[in-house]
Amino acid sequence: DSFRLLGEGRFEINGAQLNHERSRHHAEAIYQTLRAELGSLKLRAIPREKTHYCDPKWLASGILMSKYPDTVDEFQRAGRCFAYGENTACIFHLMRVTEFYLKKVADSLQVPFHANNWCEIGKHITKEMENKHQLKTDAWKSSEPFYAAILTDIQAISRGHRNPALHELEKKYDELEAH
């Protein structure tokens, strides 16, 4: 053993013995050094259950990285904000991710995309859904449930999160809304 307790405040390290007074002196020196070194830093604690959101490898091996690597940085920023308890900032980064994917949807529908207004996508989906069944192409019929879900998401996100997160300074999000 390189370390062994001898009792009465004494221990042995690699054959060297330190009495109680000398041990206390070394412990105090270590404590003072730590205080001096750490005193210039501000430390924040991250709850253990959120630490994986700060790991750069969090999304590195998933389908997101292989299919949409352009969104990984924003997802990681959102994750770090969530871990730090910066929930409104988390929502902000998630809105940037949402806009990336909405641009993909707009491209698939061949409609213009404007980051400050998602209406064109919603209008186009609504128009296609309102067509009579006989006028719809087979391709649209098979993808209509997908676009219907996107329309619902666009309406919910733009009213519930996007506008307040970007335009209302007093809007704050709690942990449940950010998660």
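These exercises, each with a worked solution, concern the predicted model shown above.

Residues are numbered from 1 along each chain as its sequence is written, and side-chain values use heavy atoms, with hydrogens and water left out. Local features need pLDDT of at least 70 and side-chain atom pairs count only at pLDDT 80 or more, while totals for chains, interfaces and linings use all residues.

**Exercise 1. The chain as a whole**

Task: State how many helices and strands the chain has, and in which pattern they follow each other.

Solution:
- Helices (H or I, at least four residues) and strands (E, at least two) are DSSP runs, numbered from the N terminus.
- By this rule the chain contains seven helices and three strands.
- Along the sequence the pattern reads β-β-β-α-α-α-α-α-α-α.

**Exercise 2. Helix 1**

Task: Check whether the span of helix 1 agrees with its number of residues, then describe its start.

Solution:
- Helix 1 covers residues 20-38.
- The expected span of a helix is 1.5 Å times one less than its number of residues.
- For the 19 residues of helix 1 this gives 27 Å, and the end C-alpha atoms are 27 Å apart, so the two agree.
- At the start of helix 1, a side-chain oxygen of asparagine 19 comes to within 3.2 Å of the backbone nitrogen of glutamate 21. This is a polar contact (a pair of N or O atoms within 3.5 Å; within protein, one must be able to donate a hydrogen and the other to accept it, and residues adjacent in sequence count only if both atoms are side-chain atoms).

**Exercise 3. Two salt bridges**

Task: Compare the salt bridge of glutamate 21 with that of glutamate 74.

Solution:
- A salt bridge is a side-chain nitrogen of Lys or Arg within 4 Å of a carboxyl oxygen of Asp or Glu.
- Glutamate 21 pairs with arginine 24, with the closest N and O atoms 3.1 Å apart. Both residues lie in helix 1, three residues apart, about one turn of the helix.
- Glutamate 74 pairs with arginine 77 at 3.0 Å, N to O. Both belong to helix 3 (residues 72-84), again three residues apart.
- An α-helix has 3.6 residues a turn, so residues three or four places apart point the same way.
- For the surroundings, buried means under 20% relative accessible area, exposed over 50%, and partly exposed in between (1.4 Å probe, protein chains only).
- Glutamate 21 has 47% and is therefore partly exposed, whereas glutamate 74 has 10% and is therefore buried.
- Arginine 24, at 42%, is partly exposed, and so is arginine 77, at 34%.

**Exercise 4. Residues in loops**

Task: Decide for leucine 59, lysine 136 and glutamine 110 whether each is buried or exposed.

Solution:
- Leucine 59 sits in the loop between helix 1 and helix 2 (63-67). Its relative accessible area is 15%, so leucine 59 is buried. Apart from neighbours within four places in sequence, its contacts (heavy atoms within 4.5 Å) are Leu64, Met65, Val72, Phe75 and Gln76.
- Lysine 136 is in the loop between helix 5 (119-130) and helix 6 (138-167). At 12% relative accessibility, lysine 136 is therefore buried. A polar atom of its side chain lies 3.1 Å from the backbone oxygen of methionine 129.
- Glutamine 110 is in the loop between helix 4 (87-109) and helix 5. With 74% relative accessible area, glutamine 110 is therefore exposed. Glutamine 110 is not a glycine, yet has a positive phi of about 60 degrees.
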